Amino acid sequence: MAWFRRSKENIAPATAKKEMPDGMWTKCDKCDEIIHKMELEQHMYTCPKCDRHFRIGSKEYFKILFDDGTFKEYDHKMRSVDPLKFKDTKRYRERIPDAIKKTGLYDAVRWGTGKMNERNVVIACMDFAFIGGSMGSVVGEKIGRAIDRGWKTKTPVIIVSSSGGARMMEGAYSLMQMAKTSAKLARLGDAGIPFISILTDPTTGGVTASYSMLGDVNLAEPGALIGFAGPRVIKQTIGKDLPPGFQRSEFLLEHGFVDMIVHRKEMKGTVSTLLSLMTQ
Amino acid sequence: MAKVTLEFEKPIFELEQKVEEMRKYADNPDIAQEIEKIEKRVNQLQRSIFSGLTRWQKVQLARHPERPYTLDYINLMTTDFLELHGDRTFKDDKAIVAGFAKLDGHRVMMIGHQKGRDTKSNLYRNFGMPNPEGYRKALRLMKLAEKFKKPVITLLDTPGAFPGLEAEERGQAEAIARNLYEMSHLKVPIIVVIIGEGASGGALGIGVGDRILMLEYSWYSVISPESCSSILWRSWDYKEQAAEALQLTAPDLKKQGIIDEIVPEPLGGAQRDHAKAAAILKGQLLAELKHLSKIKIDKLIEKRIEKFSKMGEFSG
């Protein structure tokens with residue numbers, strides 16, 4: 001029994017404060033710096049003090065990469081149809097509208113065309129907020145269409161990844177999206193059109209094991225978790241703690257699986273320079 | 001007779017044991033007649049049990065420790081098999097075996113996951129869970145097949161790609177992704193057969209091809225029922241529900257348009273008659289090879305990419 005009864009509501013848990021970008025202030029979960037919303041936007045959602053890269057979605061990323069007013073989105077309302085009538089503790093048929101309501105998105109990827117420093121590009125960007133950025137039929141199809149657009153119009157393709165992996169609720173359909181997207185990339189590659197993969201926090205599972213790792217150039221944001229198996233699973237398998245920095249961008253750079261680590265503020269410039277060096 | 005019995009097979013084995021005992025007295029015409037009667041009953045029982053298997057029971061059959069594995073099929077179906085080793089970069093992964101062989105008149109590249117049968121061989125084979133060098137060995141040998149214009153046949157049977165620390169260091173994700181990419185436009189026909197367990201990216205890593213076949217009692221999905229249970233139900237106890245929800249059996253995948261053909265198994269499962277299982281598969285492979293060899297390679301690759309492009313269900 002407590003000695004005093006709290007008459008008001010509980011003090012809000014600390015995590016609620018960190019949520020962004022709803023409130024005016026955000027606390028950096030790495031260095032505890034308190035950052036104003038305006039300042040955070042100015043710094044492209046990275047911590048001005050410690051360079052921590054916060055998770056952002058397609059809306060923010062499109063704004064960072066495309067020249068103002070040039071972005072045209074396709075297949076915006078494509079959505080899942082629950083092909084397996086999947087049910088675990090909740091029906092997938094209910095999960096989808098819930099996720100749509102919560103995020104204002106229709107699935108975990110958006111794609112469109114536009115200009116990047118006056119160069120035509122196709123960009124697809126994933127949204128981790130939508131069911132953990134998981135890849136089902138819709139993600140595979142939209143990524144595939146983005147690649148096909150690049151192929152048909154001879155335009156470089158850029159994919160920004162953030163995903164927990166394949167979406168379990170679509171079973172083997174989800175698995176096949178790995179093959180589908182990779183097959184389309186093979187065709188794009190055979191036509192000599194560049195594909196730049198940008199890996200952000202976190203990129204794991206079936207997404208890493210397909211298009212994310214297949215860039216002609218793979219770029220990663222600093223400190224992003226990137227891997228095939230999740231850290232928890234690996235820890236269980238080997239029965240030991242994982243070394244610090246394991247599966248982070250810097251670890252992948254060291255082991256030869258990403259070409260460069262690029263700060264979000266430098267991303268647009270770096271990709272533009274790369275494309276200018278790779279194409280005529 | 002098989003030594004390992006699954007729960008739902010028990011009534012069949014009990015009758016079979018009875019027959020076995022009665023055979024000692026088979027000189028007696030009455031008993032001989034009785035044996036015949038019981039054998040008929042065994043057959044009926046087997047048919048009725050196996051026509052009503054749940055998805056989880058099929059998963060158990062796919063994992064049956066006496067089921068034929070890749071090397072069994074290779075030995076039973078082909079001649080002149082020469083196993084080739086190593087990825088030329090790091091080491092030889094024992095969880096994937098590969099090499100040239102003759103399948104009747106066809107010279108082919110055989111590649112497959114390899115499980116072990118006991119603790120010792122399972123440790124040697126890492127339980128059929130490849131590391132990146134396994135996928136890279138497979139790719140090296142597919143390229144070799146391409147160079148000499150030989151069709152590739154892959155046999156899928158893995159509980160998954162190995163989720164280890166060193167596998168991550170050496171780029172498990174990249175190795176699988178690279179295979180998907182390269183198999184998509186490999187300039188020789190590829191036939192894929194799921195012979196046992198087709199667990200996620202670890203299986204798909206050698207699973208892109210022109211024709212996808214699946215043995216009657218094998219499974220193929222994005223995740224194993226156990227892992228699915230642990231993630232979505234937060235408990236290991238819902239594997240049967242997870243198997244149902246994932247719809248991971250051969251008829252399910254045929255319906256979903258993900259596989260092309262179901263390869264029938266001997267009554268009671270492939271583990272009961274390796275030779276017969278291999279003969280059925282071989283017949284199917286020969287028919288597929290004959291058909292694929294007639295298609296021009298550019299057309300074949302175009303169709304292969306189209307095939308995977310069509311997979312998926314969505315609206316809008």
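Contact is taken here as heavy atoms within 4.5 Å. The structure is a predicted model, in which local features need pLDDT of at least 70 and side-chain atom pairs count only at pLDDT 80 or more, while totals for chains, interfaces and linings use all residues. Residues are numbered from 1 along each chain as its sequence is written, chains are lettered from A and ligands numbered from 1 in the order in which they are written, and side-chain values use heavy atoms, with hydrogens and water left out.

Leu285(B) belongs to helix α13 (residues 274–292) of chain B; helices (H or I, at least four residues) and strands (E, at least two) are DSSP runs, numbered from the N terminus. Leu285(B) is buried, its relative accessible area being 0%; buried means under 20% relative accessible area, exposed over 50%, and partly exposed in between (1.4 Å probe, protein chains only). With neighbours within four places in sequence left aside, Leu285(B) is in contact with Met77(B), Leu103(B), Ile153(B), Ile191(B), Val193(B) and Leu213(B). Between Leu285(B) and Tyr217(B) there are 68 residues of separation in sequence and 18 Å in space, C-alpha to C-alpha.

Two serines of chain B were also examined. Ser224(B) sits in the loop between β7 and α10 of chain B and is buried, at 13% relative accessible area. Beyond its neighbours within four places in sequence, Ser224(B) is in contact with Arg63(B), Trp219(B) and Leu246(B). Ser200(B), in helix α9 of chain B, has a positive phi of about 55 degrees although it is not a glycine. Ser200(B) is partly exposed, with a relative accessible area of 23%.

The interface of the two chains was treated next. In chain B, 48 residues are in contact with 56 residues of chain A. The size of an interface is often given as the accessible area lost when the parts come together. Here chain B and chain A bury about 4,500 Å² between them, and 72% of that area is on carbon and sulfur atoms; buried area is the accessible area (1.4 Å probe) that two parts lose on being put together, summed over both.

The rule finds 13 residue pairs in polar contact across the interface, both residues being at pLDDT 80 or more. A polar contact is a pair of N or O atoms within 3.5 Å; within protein, one must be able to donate a hydrogen and the other to accept it, and residues adjacent in sequence count only if both atoms are side-chain atoms. On the side of chain B that touches chain A, the elements giving two or more residues include α7 (165–169), α10 (225–233) and α14 (297–309) of chain B. The most come from α8(B), which gives nine residues. The residues on this side of chain B divide into 26 nonpolar, 14 polar and eight charged; Ala, Val, Leu, Ile, Met, Phe, Trp, Tyr, Cys and Pro count as nonpolar, Asp, Glu, Lys and Arg as charged, and the others, Gly among them, as polar.

One salt bridge is counted between chain B and chain A, the term meaning a side-chain nitrogen of Lys or Arg within 4 Å of a carboxyl oxygen of Asp or Glu. It joins the side chains of Glu306(B) and Arg187(A), at 4.0 Å from N to O.

Ser137(A), in helix α5 (residues 137–153) of chain A, is buried, with a relative accessible area of 0%. Its side chain reaches the backbone nitrogen of Glu313(B) at 3.1 Å. Not counting residues up to four places away in sequence, Ser137(A) touches residues of both chains, among them Tyr173(A), Gln177(A), Gly312(B) and Phe314(B). Phe314(B) is also the bridge partner, in β9(B), of Ser80(A). Strand β4 (residues 79–80) of chain A and β9(B) pair in the antiparallel sense over two bridges, pairing being assigned if DSSP finds at least two bridges between two strands.

Within chain A, an open sheet of seven strands has the order β3-β5-β6-β7-β8-β9-β10, with mixed pairing. Strands β3 (72–74) and β10 of chain A stand at the edges with a single partner strand each, so one side of each has no neighbour in the sheet. Strand β8 (residues 195–203) of chain A runs parallel to β9(A), joined by four bridges, and Ser197(A) has Asn218(A) as its bridge partner in β9(A). The peptide bond from Asp201(A) to Pro202(A) is cis, with omega near -15 degrees, and Pro202(A) is found in β8 of chain A.
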